[in-house]
Amino acid sequence: MKIYLDTSEKKAVLRLDEKTYEWEADREMAEGIFRFIHDKLVENDAEWGDISEIHFMSGPGSFTGLRIGATVINALADQLGVPLYNHHGEKVEMIIPEYGRGARITAPRK
């Protein structure tokens, strides 16, 4: 089973083969992303081990969303021993998020 995950916005998008699911993750992304993926696998009578390749929308987008999604996808690909692809279709060893701009760092208050 091929999976695709996009966490670049408040709404997470997951594709399992040809089926697409959306989740209004917003501030619950870190806490609920594994449950979301697991629940959709179960709905499709699949398990983690049925994943054969992983595709990820690596940016640009939300800094936090991309960091969370990249961490999840990198861990899954490593532990399952499956190929990993960025949104350009390039096979990669590890997803490195593409934020689309530099960090916005504010001056300390004190």
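Leaving aside neighbours within four places in sequence, Ser8 is in contact (heavy atoms within 4.5 Å) with Met57, Pro60, Gly61, Ser62 and Leu66. The model is a predicted one, in which local features need pLDDT of at least 70 and side-chain atom pairs count only at pLDDT 80 or more, while totals for chains, interfaces and linings use all residues. Residues are numbered from 1 along each chain as its sequence is written, and side-chain values use heavy atoms, with hydrogens and water left out.

Ser8 lies in the loop between strands S1 and S2 (11–16), strands being DSSP runs of E with at least two residues and helices runs of H or I with at least four, numbered from the N terminus. With a relative accessible area of 3%, Ser8 is buried, a term that denotes under 20% relative accessible area with a 1.4 Å probe and protein chains only. The side chain of Ser8 is joined to that of Asp6 by a polar contact of 2.6 Å, that is, a pair of N or O atoms within 3.5 Å, of which, within protein, one must be able to donate a hydrogen and the other to accept it, residues adjacent in sequence counting only if both atoms are side-chain atoms.

Leu66, one of the residues in contact with Ser8, is also among the buried residues of helix H2, which include Gly65, Ile68 and Gly69. What covers the buried residues of H2 includes strand S1 (2–6), helix H1 (29–43), strand S4 (53–56) and strand S5 (84–85). Just after H2, Gly81 adopts a positive phi of about 65 degrees.

Asn44, in the loop between H1 and S4, is likewise buried, at 18% relative accessibility, and its side chain makes a polar contact of 2.9 Å with that of Tyr21.

Key:
Buried means under 20% relative accessible area, exposed over 50%, partly exposed in between (1.4 Å probe, protein chains only).
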